[in-house]
Amino acid sequence: MPVTHSASTSGESTSVPAPSLHSGSLGTTDIAFFVVSAAAPLTVMAGVAPLAIMLGGIGAPAGYLIAGVTLAVFAIGFTTMSRHVRSGGAFYAYITRGLGRGLGIAAALLALVGYNGMEIGVYGLLGSATQGTAHALFGVDIPWLPVSLAGLLLIGYGGYRSIEFGAKVLGILLVAEIGILALLAIGVLIKGGASGLSLDSFAPGNVLVPGTAAVLAFAFAAFTGFESTVIYRREARDPARTVPRATYLAVGFLGLFYAFIVWTAIQAFGAAQVVAAAGADPAGLFFSAITTYVGEWAADLMHVLIVTSVLASLLAFHNAINRYGLALAEEGILPKALARLHPRHGSPYVVGLVQTVLGAVVVLAFATAGADPYGQLLLWVNTPGMLGLMALQLLVALAVPFYFRRVRHREGVLRTVVAPVAAAVLLAAAITLVITHLDLFTGASATVNTLLAAIVPVVFLAGLALAWWLRRVRPEVYRHFAAEPPADAGD
């Protein structure tokens, strides 16, 4: 039951329910909106897919399908475990149940750093994208820092409001960015592309080429954040059904949509010309295509929607971070003050405020150092975040079979052993691909890339040290870490 506080006025006492998250407020589509928005489909397609085409050739669409299938396999064990683990801690709760509290606490710290890295770096992209849009539409050059700081305030306000408000905003922004890409696809299909439509992109001879490894690295990065469906469990309607459905919906949609849109872009230029076009102007590839097949007005609209796509991604990650921070504050890992919820909006507004201040500090530090908002703030901060979340996916895949060995259940061996083990092998391969092609993501020197990759194991080791300290100094916190909530607290 909800905790109550006593209030006394003129000698009379009333019982006031304590603020709580708005349970039962999110359906399958709402949660899927949060997850797909975090992936920023328009930004991924217009900003990154041209590089995938340039490196992987016309077989690039298959790379996105392969990544989608891999993550769908991961989702089998992941969502099966979600029916049994009701904690709001998501990744770290799963890893704790399967691999033990020490690794679970280390995973919690890595998740906190990873999600913050994924969000804070994107404020650099917001500034850079807005600069590009202002120059393209109005021919003016604006400074990126005020845009990024204004974005911090706007996203902070979005996180302060209720989760229903966030779901509505993301729904509108996501439909808009998906719509502009669909408009491009329709234009290409109606006009038959540059030289007729072809499925050569999926022919083995065009997929099994050396550049496919680089495409796969980009493709796996494009799905980052899809697993955050379970973070919203406490606010979901019928979470045992809603969370798995939202997970499959998100990963299935992203895999198919990414592959379809990249294939459409190839058809727009033709198999013989698209690689050269992508190499000559990767940033302008999609804008050139939509100008040709739809009109210049659509290219202008796409410029605007890239900015809103980035804002949607920021809001989705901000909400996810707030709920991770809330869960860790309730666990006693973070200060209890961060567990306060807004009395009307039911939002974890204190942890949201702290996250906004942290983002401002990092953004200002990079600006003071004269860093480039895209090449350094975005890529250098995002990269360890992306690697951290991929490492957590691998640990969750490993945790699933260990968990189901310890509990009584009626789940089949395919869901509890075969799929998780297969996912672990595939995710380990994906992490290896990303690390070996890290220069494609950062454009930085080998030394910088080594330091960025090293952040993940350093944070994880720090988490193990924190677990050791908690076990010795705060055994009560350690013993109850990732404990199941009361039966009426989340379902």
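Which residues of H5 are buried? In this predicted model, the buried residues of H5 are Phe91, Tyr92, Ala93, Tyr94, Ile95, Thr96, Arg97 and Gly98. Because 8 of the 9 residues of this helix, which spans residues 91-99, are buried, H5 is largely enclosed by the rest of the structure. The elements that cover the buried residues of H5 include helix H4 (60-82), helix H6 (101-120), H15 and helix H17 (373-406). Just after H5, Gly100 adopts a positive phi of about 110 degrees.

Confidence in the prediction was considered along the chain. The average pLDDT of the chain is 89, and 93% of the residues score at least 70. Over residues 1-16, by contrast, pLDDT stays under 50, and for this stretch the model has 19 contacts beyond four places in sequence. Where pLDDT is low, the predicted coordinates should not be read in detail.

Two packed helices are described by the angle between their axes and the distance between the axes. For H7 (residues 122-138) and H15 (residues 296-331), the packing angle is about 165 degrees and the axes lie 9 Å apart. Since angles over 145 degrees count as roughly antiparallel, H7 and H15 are therefore roughly antiparallel to each other, and their crossing is left-handed. On the H7 side, the contact is made by Val122, Tyr123, Leu125, Leu126, Ala129, Thr130, Thr133, Ala136 and Leu137, while H15 contributes Asp300, His303, Val304, Ile306, Val307, Val310, Leu311 and Leu314. By class, the residues of this contact between H7 and H15 comprise 13 nonpolar, 3 polar and 1 charged.

The packing of helix H8 (residues 144-160) with H15 has an angle of about 50 degrees, with the axes 9 Å apart. H8 and H15 are therefore oblique to each other, and the crossing of these two helices is right-handed. In this contact, Leu154, Ile155, Gly156, Gly158 and Gly159 of H8 meet Leu311, Leu314, Leu315, His318, Asn319 and Asn322 of H15. The contact of H8 with H15 divides into 5 nonpolar and 6 polar residues, with no charged residues.

The buried residues of H14 are Leu285, Phe286, Phe287, Ala289, Ile290 and Tyr293. Their cover includes helix H2 (41-47), helix H3 (49-56), helix H9 (163-191), helix H12 (239-269), helix H13 (274-280) and H15. Just after H14, Gly295 takes a positive phi of about 145 degrees.

Positive phi values also occur at two alanines. Ala40, although not a glycine, has a positive phi of about 50 degrees and lies in the loop between helix H1 (28-39) and H2. With a relative accessible area of 8%, which is under the 20% limit, Ala40 is buried. Ala482, likewise not a glycine, has a positive phi of about 60 degrees and is located in the segment after helix H21 (475-479). At 1% relative accessibility, Ala482 counts as buried.

Conventions
Residues numbered from 1 in each chain as written. Predicted model: local features only at pLDDT ≥ 70, side-chain atom pairs only at ≥ 80, totals over all residues. Heavy atoms only, no water. Axes fitted to C-alpha atoms, helices over the stretch in contact; angles between N-to-C directions. Helix = DSSP H or I, 4+ residues; strand = E, 2+ residues; numbered from the N terminus. Parallel < 35°, antiparallel > 145°, perpendicular 65-115°, else oblique. Left-handed = near helix turned anticlockwise from the far one by under 90°. Contact = heavy atoms within 4.5 Å. Nonpolar A, V, L, I, M, F, W, Y, C, P; charged D, E, K, R; others polar. pLDDT = per-residue confidence, 0-100. Buried < 20%, exposed > 50% of the residue type's maximum accessible area, 1.4 Å probe, protein only.
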